[in-house]
Structure formats: structure tokens, C-alpha cells
Amino acid sequence: MDSLDVLEVRVGENSGMSTAFIRLAVSGRVAVDDVWQETMLTAWRIGDDDDRSCPFGAWLRGIAAKNILAWNR
């Protein structure tokens, strides 16, 4: 299994919680979708450079939090 497959599995396991996190901070389905997409692009770009000492869900929500802040600016 290559790193993109692993990322896909890890995202799948954490997508519900991460989407709920974004919904709490951003209103509107389009905005939620945009922030989610940007979060996934960032996670994909970082790929194997993620912080393995931090649980993946927390790492993904950290990326989402930064994208939420950017969206709200």
C-alpha cells in the first residue's frame, strides 16, 4: 500500500469528525465544502510529512482549523 492509499484510508476514518468540526465553525454548505476541499488538498500536499506523534484526526482538524481561519478572513 503506497502513501496515497494510506492517506485515503486515514481520511476516510476521520472524515465525519473533521467535517463536523468544520460545520461548527463555518456556515453554509458551500463554505463547508470549500474548507473541506482545501483541507484535503493541504493534507495531500503534506502527505508523508505529517506529524506521526499526533493522532491523524487531530492533525487533520489542525489543518482544517487553519483553513477555517483563512476562510473567515
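The largest nonpolar core of this predicted model comprises 16 residues, among which Val11, Ile22, Val26 and Phe56 touch the most other members. A nonpolar core is here a set of buried Ala, Val, Leu, Ile, Met, Phe, Trp, Tyr and Cys residues joined through side-chain atoms within 4.5 Å; buried denotes under 20% relative accessible area, exposed over 50%, and partly exposed the range in between (1.4 Å probe, protein chains only). At least two residues of this core come from each of α1 (3–25), α2 (29–46) and α3 (56–72), where helices are DSSP runs of H or I with at least four residues, numbered from the N terminus. When residues up to four places away in sequence are not counted, Val26 touches Ala31, Val32, Val35, Ile68 and Trp71, contact being defined as heavy atoms within 4.5 Å. In soluble globular proteins, nonpolar side chains tend to be buried together.

The structure also holds 2 salt bridges, each defined by a side-chain nitrogen of Lys or Arg within 4 Å of a carboxyl oxygen of Asp or Glu. One joins the side chains of Arg29 and Asp33, with an N to O distance of 4.0 Å. These residues lie 4 positions apart in helix α2, so about one helical turn separates Arg29 from Asp33. Arg29 is exposed, at 65% relative accessibility, whereas Asp33 is partly exposed at 37%. A salt bridge also links Arg45 to Glu38, their closest N and O atoms being 3.9 Å apart. Arg45 is exposed at 53% relative accessibility, and Glu38 is partly exposed at 32%.

Residues are numbered from 1 along each chain as its sequence is written, and side-chain values use heavy atoms, with hydrogens and water left out. Because the model is predicted, local features need pLDDT of at least 70 and side-chain atom pairs count only at pLDDT 80 or more, while totals for chains, interfaces and linings use all residues.
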